[in-house]
Amino acid sequence: MLKPDIYLTSVLEITPNLIKKLNGKAIILDVDNTIRQHKDKKIFDGVINWVNVMKSCGIFIVIASNNYRKSVEPIANELGLPCVSFCLKPFPFGLKKAAKMLGFKKENIVVVGDQFFTDIIGGKFLKFKTILTKPLKQEEGFFWGIRRNIEKKILKKILK
Ligand SMILES: [Mg+2]
């Protein structure tokens with residue numbers, strides 16, 4: 001089944017209890033359009049506080065992004081989180097590395113991200129739990145448009 005375990009509007013709706021309900025102990029967290037804007041790299045309001053709440057409730061977080069190190073490291077440092085950049089999601093390399101850093105079993109790991117084709121497919125393939133969040137702002141560019149349109153159609157089918 002390709003359906004994400006949970007579909008939410010924003011990462012901020014994820015509570016420690018929700019993670020625990022999924023039997024989760026740790027999160028592998030996407031960056032672009034999940035916790036910051038894709039284009040201007042502006043971190044979404046409330047994310048810093050959200051990360052701190054999760055941490056204080058014992059939920060471990062590691063950042064895993066397909067973006068380059070120079071783009072991912074600054075936000076990881078700002079949030080005080082370890083990170084894996086250039087993950088090549090949905091392929092398993094980067095996600096596996098992130099899981100190893102966390103040190104939990106796959107059934108205790110929840111992959112959180114805004115893209116069906118990378119975060120969800122990648123997470124499902126490795127048998128992690130998955131939470132899909134809504135991209136808060138549409139990326140610009142022709143190919144992004146096509147990609148998001150296909151995604152929308154697929155999600156419409158699998159989420160109903
Ligand atoms: Mg993303």
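## Close-up views of a predicted model

**View 1. Strand β2, helix α2 and strand β3 form a right-handed β-α-β unit.** The model shown here, as in every view below, is predicted. Within this unit, β2 and β3 pair in the parallel sense, and 4 bridges join them. One of the positions to look for is isoleucine 27, whose bridge partner in β3 is isoleucine 61. Just after α2, glycine 58 takes a positive phi of about 85 degrees.

**View 2. The open sheet has 6 strands, which pair in parallel.** Reading across the sheet, the order of the strands is β1-β6-β5-β2-β3-β4. The edges are formed by β1 (residues 6-8) and β4, each of which pairs on one side only. In general, the strands of a sheet pair through backbone hydrogen bonds, and the pairing may be parallel or antiparallel. Strand β5, made of residues 109-113, pairs with β6 in the parallel sense over 4 bridges, and valine 112 stands opposite isoleucine 131 in β6. Strand β5 also pairs with β2, again in the parallel sense and over 4 bridges, and here isoleucine 27 has valine 110 of β5 as its bridge partner.

**View 3. Strand β2 has buried residues pointing both ways.** Ala26 and Ile28 point one way from β2, whereas Ile27 and Leu29 point the other way, and all of them are buried. In a regular strand, side chains alternate between the two faces of the sheet. In soluble globular proteins, nonpolar side chains tend to be buried together. Leaving aside its neighbours within four places in sequence, alanine 64 is in contact with residues that include Ile28, Leu29, Val84, Cys87, Leu95 and Ala98.

**View 4. Phenylalanine 60 lies in strand β3.** Phenylalanine 60 counts as partly exposed because 19 other C-beta atoms lie within 10 Å, while a buried residue would need 20 or more. When residues up to four places away in sequence are not counted, phenylalanine 60 touches Lys25, Ala26 and Leu102. Although phenylalanine 60 and isoleucine 28 are 32 residues apart along the chain, their C-alpha atoms are separated by 8.6 Å.

**View 5. The buried residues of α2 are Trp50, Val51 and Met54.** These residues cover an arc of only 100 degrees around the axis, and therefore they lie on the same side of α2. An α-helix has 3.6 residues a turn, so residues three or four places apart point the same way. The buried residues of α2 pack against α1 (16-21), β3 and α3 (69-79). On the other side of α2, Asn49, Asn52 and Ser56 are exposed.

**View 6. Helix α4 lies across β2, β3, β4 and β5.** The helix runs at about 155 degrees to β3. Its buried residues are Gly94, Leu95, Ala98 and Ala99. Because they cover an arc of only 140 degrees around the axis, they are placed on the same side of α4. What covers these buried residues includes β2, β3, β4, β5 and α5. Glycine 103 follows α4, and its phi is positive, near 75 degrees.

**View 7. The loop between β4 and α4 contains leucine 88.** Leucine 88 has a phi near 60 degrees, which is a positive value in a residue other than glycine. With 12 other C-beta atoms within 10 Å, leucine 88 is exposed. Proline 90 is found in this loop, between β4 (83-84) and α4 (92-102), and the peptide bond that joins lysine 89 to proline 90 is cis, with an omega of about 15 degrees.

**View 8. Lysine 127 sits in the loop between α5 and β6.** Lysine 127 is not a glycine, yet its phi is positive, at about 65 degrees. Lysine 127 counts as exposed, since it has 11 C-beta neighbours inside 10 Å.

Notes. Residues are numbered from 1 along each chain as its sequence is written. This is a predicted model: local features need pLDDT of at least 70, side-chain atom pairs count only at pLDDT 80 or more; totals for chains, interfaces and linings use all residues. Helices (H or I, at least four residues) and strands (E, at least two) are DSSP runs, numbered from the N terminus. Two residues are in contact if their C-beta atoms, placed from the backbone, lie within 7 Å. Two strands pair if DSSP finds at least two bridges between them. Axes are lines fitted to C-alpha atoms, for helices over the stretch in contact, and angles run from 0 to 180 degrees between N-to-C directions. The arc is that of the directions from the helix axis to the C-beta atoms. A crossover is right-handed if, with the strands pointing away from the viewer, the path from the first strand over the helix to the second runs clockwise.
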